[in-house]
Every structure is written in structure tokens, then in C-alpha cells.
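Please read the following note with the structure open beside it. The points are numbered so that each may be checked in turn.

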Amino acid sequence: MSVLASNLPTPKMPAVLVPAVAVVRSWKTPIVLGVFAVIAVVLFLIFGRSGTSRLALSTPSDFFQIPVIPVNTRLAGIIVPLLLVVIAVVAAVLVSRARKVPLWLVAVFAVLFLFVFLVWSSAGQTIPIAGLLVGAVGVSVPLIFGALGGVISERVGVVNVAIEGQLLAGAFVSALVASITRQPLLGLLAAMVAGTLVSFVLAAFSIKYLVDQVIVGVVLNVLVTGLTSFLYSTLLSPNTETLNSPPRFQRIQIPLLSEIPVIGPVLFRQTIIVYLMYIAVFAVWYGLFHTRWGLRLRSSGEHPQAADTVGINVNRTRFWNVSLAGAIAGLGGAYFTLGSVGGFTKEMTAGAGFIALAAVIFGRWDPIRATLAALLFGFATNLQSVLGIIGSPIPSEFLLMLPYLITIFAVAGLGGRVQPPAASGKAYEKP
Amino acid sequence: MSDPQSGVPVPGSEEIPDPARIPAQDQVLEPGQIPAEQTPPPAPPSRFSGVLREIMSGSVVISILAVVLALVVGAILIAVTDDGVREASGYFFSRPSDTFQAIWSAVSGAYSSLFQGSIYAVNRPGFAAGIKPFTDTLTFATPLIAAGLGVAVSFRIGLFNIGGRGPMLMSASAAGWVGFAFDMPFPLHLIVALAAGIIASAIWAGIVGALKAFTGAHEVIVTIMLNYVAFYLISYLLRTPGLLQAPGSNNPKSPPEKATAIFPHLLGPSYNLTIGFVFAVVATIIVWYLLNRSSLGFKFRALGENPSATRVAGINVKAMYIVGMLISGALIGLAGANQVQGSITTGFGSGIDAGIGFDAITVALLGRSRPFGVFIAGILFGAFKAGGFAMQAIEGVPIDIVLVLQSLIVLFIAAPPLVRAVFRLPAPNLQARVKRSSVSGRKAVVTK
């Protein structure tokens, strides 16, 4: 098992789970670990299944092939839950001696839990690990763009509940423009413009007219839903060939890198939108924490009076950065039409914007953590569809519920520690 | 609270320790007259109350103009997307009158069918047939009023409740389950099913209040997440034989309600209006009494205005959050039960909430979170819904435009300066807007 754990292509999964449990200096960590250990014992040991699970790590076009790894389901279901119990006990002992539970222990716990869960639910089947991860990244792309938009917007002091609207507007306009011009790149640009327009309304109403930002966000979501659905019914739907059949981006294979097993297909055989996403995540992180722009942005959201005192025009900073946030979220919307589905349908974002919002909070307003949270949500969603295909013993609805439940636990469990930017949600008026 | 001559809020008037000042309901007794705003300390939960007050302080004129403005935008949308208009605009410069005629016929056709579908059908013979659309409006308004009241109660305690959908789904399935799985005599079955729905919904919303009270979890996130959890839970129950799924069927749908649990028709079988509307009226009156005449309501409003002061005053804030959300959920539960016992009695699927949970937010905002305001807003949105279906059927204008109209109305009402600018209304006396707080910097806005 330990060999497998080191081979597993999920070095980022533990990092994803870390914010949920690792940072709390209290009994919360051992309690959470204990609960999951008990779940593991009940599910995998007591209700253990027999058979052999095969983990397929390679895809046929890889540089070299990793053989399919067979795992005895029953054996894994006995050993791993016991290991989990041991880790939980160790954590409890550490806390009782007033020491912090090390991060890597939680990470090992998470990887082991995920591993035994996969093995347990795929008894007698083959799990395409690479395919699972490729799909997870695909589902995560709009969430990540939306979360980045949310992070920027909230860091500058404007709560962005309108991510859903920005995604939807981006999806609609990119489909329309790309269909008319036959240029997916123009569609991408148009999606950014559309997201920015939604942001303009959010910014204008919340900054100029001092309307509550959450209200504007909620109403904007309804407005964009209504507008796109209306225009879809009247314009796009009757003229599908001319207005709603956008060319899709082709997958670009990066030479050499794309042939690495597991990592290659997951990260380097993607469309240009995904590569843009890598750049965006890095740029937002670097910009926020290492440039003058980021400092001004964050100061406007943390302490606008202080920012104003040192000569930053708070409301102008807010306006343009909220617009930027809309442009980024709009890109995520384009992924729906130009990257995956290829054509607009009514309400096609289906709540992705709200999940992105949850990722922002779950990721504690940090671009990297929010990205990881979005990946976790994407992974959970895609895990459900993969397990649905191979026939999981857990009803798919409960797997679909998982990201939402995790978020509730995170928001409730870390309530004291999840601190939004201090002035987020408050209109600023120059005194 | 303001100087009668200049309309300038009297400085220091908010310092008067007058407990009657705290209730927001007292603030809008006269249109155009807005008392000086209290400036709560920058406590995070109260950020919402400022805008609520902004909305509440909009005068009737602003509200009407907001509706007009939204209808104008809707008219532009209808005209732009109309086939006849596009054809005529192709030769606009040779015969511009054709274009205008096409625009007029498209817009007037759409809005007249909106009116005839929601208020009075002019071309039907006799009053009894002509007024049927209005009873449809009331039918559509029933769940909107109930759920809108529920959301309004949570707004008044300062919680931004986006979770209309979750409680609605829970109540619809609980009421529906009691309605189809048990055998009871007529009025008892109806009442038990209704009570089951209300209790289920109250518990679901109460979770939000409890999490808010004990962990400080942000209610926006929790309500959104619980909406999805409820949706998937109901989806699972509906597709699992032996739970909510109709026996012998493969569809994720419940069996039909038993006749003993169905709301009886109010005006005879030729109208769809059921006794559910009476429940909504009663609920409105109860909420009015609760908020404006009871000590519990006073505590609610105090909490919504200023949680810190409420805590200092010795009111149990945690208990108020929980009780408030329980009541909010109970009211939303009435809407959910009405869906299965009144509207769709032939068995329900996971879409039984029909978006009412989200519409309720806009209804509550439009109604300024006050019971009778919500009642009127609910009827207005009910009219949009009833008329929207007629408009879609007769004129081919998709009902989605109703969403556009509704959201625009709320946006415009929330921003009176914008409406004033559009209609070139006189700006409020500049001097009247000068009063500012040194703490939060929020202006005292005088609308008129």
C-alpha cells in the first residue's frame, strides 16, 4: 500500500484537504480525523467488499507504461482503516501534549482515505486514474476561473456573489461571437468583455449607489439568467447553425511533457483555456502578494481608510479590479462553450458560480488555496461520474453532495479562523 | 427626526435613546421622510441592514418608476428580438414607419397579453371568465408570498437567507410523503401533511440559524450549500423504490397525493385558486403581528439593526438566530407544502420548488422585508408569472423575460439615485445629504 501511495498521481490531493483540518490548533483536527477513521472502519472494514481492484495509471500514448496495479480489496479494507485509526490516535496524543499535528500526517491520512475509498468502491473493476484526473481538471476549470475572480473581487472589498452571472454571460457571449466569427479566440475575448460588463453593473451599483453588494450579486445572477435564457430562446435556438455552433478549441499537446504518465494527460494535453488558467493562477497569486498592484488591491479591501490616507483612490481601485475579476470569471464561462460542451444551453453553468464562491471561502481568499479547493470540488464531482460508470455502492447523489457538505463543515468548523478581508462587503465613502 | 423646514436630519437626533427608533418599520411612515440613520458600529452582520433601509426608504414614486423603467427595458428586448421588427428594420431608411409599427405591435402585443394573462381577460365573455387570470395570479402569488415572508423574517434578523430552495424541497417532500403514504379523514390529513412540511422546512432552515449562532458560519454559504444538499437528498429519495418513488415506476417522481390531503378550491373547481391563498393571507397577518407587535419581533428587529447593541441589551442573540430561522423556515415550508398540496398534486419531482425559493429573495427585497410589502410584491410577481405564461403562449415571447423584469425592478428600487437620474427628477437637497457618520461614512439619504 505504501508503495502505491508514493506512486499515486495525487500529490496535490493532500494539499487540497489540508486547509480543512490541518491549521486548527485545537481538538478539531483529531476529532475530524477520528470521525473519518470511524467512517473508514465501518465502511471499508465492517462492510468490506472482496475482490480485486485494478488501478490503471497509464494511458496508451504515454512515454512508458506503468502496469495496471491490482489491489486485494478485502486486504486493503482491513489494513488501511487500521492505519487511519492509528494516525487519528497519534494526532490525539500529540494534541493532548499540546503539540501541533504535523501537516504531513494529515496529508498521509487524506491520501490513505482516498486510496481505500477508491479501492473499496471499485472492487472487481478497473479505475482509470488518469481519466479520473483529466475529467476532474476539466470540471474544475470554470470553478478555478470563477474562484480567481472571486478572490480578486473580495480582496479589493467587493463581495462577488455574481460569479454565476459572470460565468453564464461569458458562456453565452463566447458561444455567440465564436459562432459568428468562427474564431474561438475572439469568443474568448468576448467572454472576457461579457464578464467585465456584468462586473461593471456590480461595481457601479455597489460602489456608486452603495447598494448592498450581496443583493446586487444575487439580483445580477437572476438578471443574467433571464437575459441569456431569453436571448437563447429568441435568437440562438431558432438559428443554431449560425449563432450557436461555436468551433471548439483543439487540445494542444505539449511535446515531451504530455507523454509523462499520469501528469502528461492530466496537465499537458489540454485546450488553450486550461493553459491560460495555469498562467492566471500564477499571475493572480504573484500579483496579489508580490506587486504594488496587489498591495494596493489588498489594502483597499482590508483597510480602505488607511489606503485612502496614503493616496490610493479606493473606489477607483475597487472599480477596475472588480472589472478585472469579471473578465477572469468570463474566461471560465467560455470554457463551458468553447472548451467542453460546444454550444450554449439555458442555465448551463448550473450553479458552478456558487461552488466557485464556496471555493473562495474554503480557500480563505487565497488564489492558490482557492484553486486547490476548486480542484477538490471538481475531483469530487468527477469521481461521482466515474464511480457511476463502474457502479459504486454509494448512491451518486451522496457523492454529489460531498463538496457542499465539506464546505459547510469547513465554514462551520473553521468559523473562527476563516476571516474575510476586513472591509469586504462594505461600501467605502471618502470621509 | 428631521428638521421640518429643510428636511435636514437633525444632528444628534439618533443619539436620543428612544427604543422606538430601533424598529425599522417606524422609519417609512411617510413617503419621502426619512429619519436620520443610526450608524451601527462596523459589525459585520449589520452590513445588510443599511441597504435594506436604503430599499425601505425609497418612496412609492421611485417604486413605480422602477417598474416603468424595467418595463421599458423589457420592451426594448422584445422589440430587438422580434422577427417582424428585424424584417422591417432591414428597409428602415426607405420606410421607417414600418419599423415603428412593428415595434409597437410586438411590444403592445406582448404587454397586453401579459396584462390579459394576469389581471383581466378582456375578450372573454362575462366577469366570471374575465377575472380568471387574476385568480391565476393569486394562485401563483401564494407560494411567493409565503416564501417571501420567510425570507423577509430572516432579513429582519440580519441574515441574508439564500436558502429558499432547500427548505422548500424538504417541506414539499415531507408534506408530499404524508399526503400520499397515509390514510386519514379529510381535514385531518390536510393539516397533518401541512404541519409535516412546515416542521421539516423549519428544521432545515434552523440548521442555518444554529450554525450561525454557535460557529459563526456565514449564512450565505451555508444556505447555498444546504440548497444543493437538499436537492441531491430529495433526488436520491425520489429515485429509490420504497422511499418517495411511486411504486411500479422508474421515474424519479412520487405518487399522486391522496384527495384528503389536497387543498380544496376556494372559488369552485373552475378556478385554480385554493385555500392555500387564505393560508398565505393568514401568514402575512401573523408575521405582521409577530414583527411589529410582539416582543419577539422587537428582538428580531433589534438584532437585524445592531447585533452588538442587542447583545449588550441582554437579548439572547444565539437563541434569536435559531428561533428566527425556524420561523423563516416554517413560512417557506408553507410555500413548499402549497406546491404539493395545492399546485402540483399529481406527484412531484426534484424540481418541485420551481425556482420559488430564489424568487422569494427578490419578493422580500421588493417588499422591503415588511409583511404587507411582501404580500403586494408577491402578487406583483405572481402576476408576472401568470401573465408570462400567457405571453409565451400567445405572443411567443419566452417567459424568461419575466426574470429580467423582476431583477431590474429590484435593482432600480435599490438605487433611487439612478432612477432619479433617468427620469430627471430633482436631486435630493444636497445639504440634506451632508450628514455623515464619522464611523462608517454612510450618508443619510433623503429620497425626494
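**Note on a predicted model**

1. Helix 2 of chain B and helix 16 of chain B pass each other in a right-handed crossing. The model is a predicted one. The two helices, covering residues 60–81 and residues 400–414 of chain B, pack at an angle of about 145 degrees, and their axes are 8 Å apart.

2. Which residues make this contact? Helix 2 of chain B contributes B:Ile62, B:Ser63, B:Ala66, B:Val67, B:Leu69, B:Ala70, B:Leu71, B:Val73, B:Gly74, B:Leu77 and B:Ile78. From helix 16 of chain B come B:Ile401, B:Val404, B:Leu405, B:Leu408, B:Ile409, B:Phe412 and B:Ile413. By class, the residues of the contact between helix 2 and helix 16 of chain B comprise 16 nonpolar, two polar and no charged.

3. Chain B also meets the other chain: 46 residues of chain B are in contact with 40 residues of chain A. On the chain B side, at least two residues each are supplied by helix 1 (47–57), helix 2, helix 8 (186–215), helix 9 (219–239), helix 14 (356–366), helix 16 and helix 17 (416–422) of chain B. Helix 9 of chain B gives the most to this side, namely eleven residues. The side of chain B that touches chain A consists of 31 nonpolar, eleven polar and four charged residues.

4. Turning to chain A, its division is into domain 1 (28–124) and domain 2 (132–371). How many Å apart do the C-alpha centres of domain 1 and domain 2 of chain A lie? The separation is 35 Å.

5. Chain A contains an open sheet of three strands in the order 2-1-3, with mixed pairing. In general, the strands of a sheet pair through backbone hydrogen bonds, in either a parallel or an antiparallel manner. Strand 2 (69–72) and strand 3 (126–128) of chain A are the edge strands, each pairing on one side only. Direction ignored, neighbouring strands of this sheet are turned by 25 degrees against each other on average.

6. Strand 1 (residues 52–56) of chain A pairs with strand 3 of chain A in the parallel sense, over three bridges. Opposite A:Ala56 stands A:Pro128, in strand 3 of chain A. Helix 6 (residues 129–155) of chain A packs on the sheet and touches strand 1 and strand 3 of chain A. The direction of helix 6 makes about 40 degrees with that of strand 3 of chain A.

Technical notes. Residues are numbered from 1 along each chain as its sequence is written. Chains are lettered from A and ligands numbered from 1 in the order in which they are written. This is a predicted model: local features need pLDDT of at least 70, side-chain atom pairs count only at pLDDT 80 or more; totals for chains, interfaces and linings use all residues. Axes are lines fitted to C-alpha atoms, for helices over the stretch in contact, and angles run from 0 to 180 degrees between N-to-C directions. Helices (H or I, at least four residues) and strands (E, at least two) are DSSP runs, numbered from the N terminus. A crossing is left-handed if the near helix is turned anticlockwise from the far one by less than a right angle, and right-handed if clockwise. Two residues are in contact if their C-beta atoms, placed from the backbone, lie within 7 Å. Ala, Val, Leu, Ile, Met, Phe, Trp, Tyr, Cys and Pro count as nonpolar, Asp, Glu, Lys and Arg as charged, and the others, Gly among them, as polar. Domain bounds come from an automatic or database domain assignment. Two strands pair if DSSP finds at least two bridges between them.
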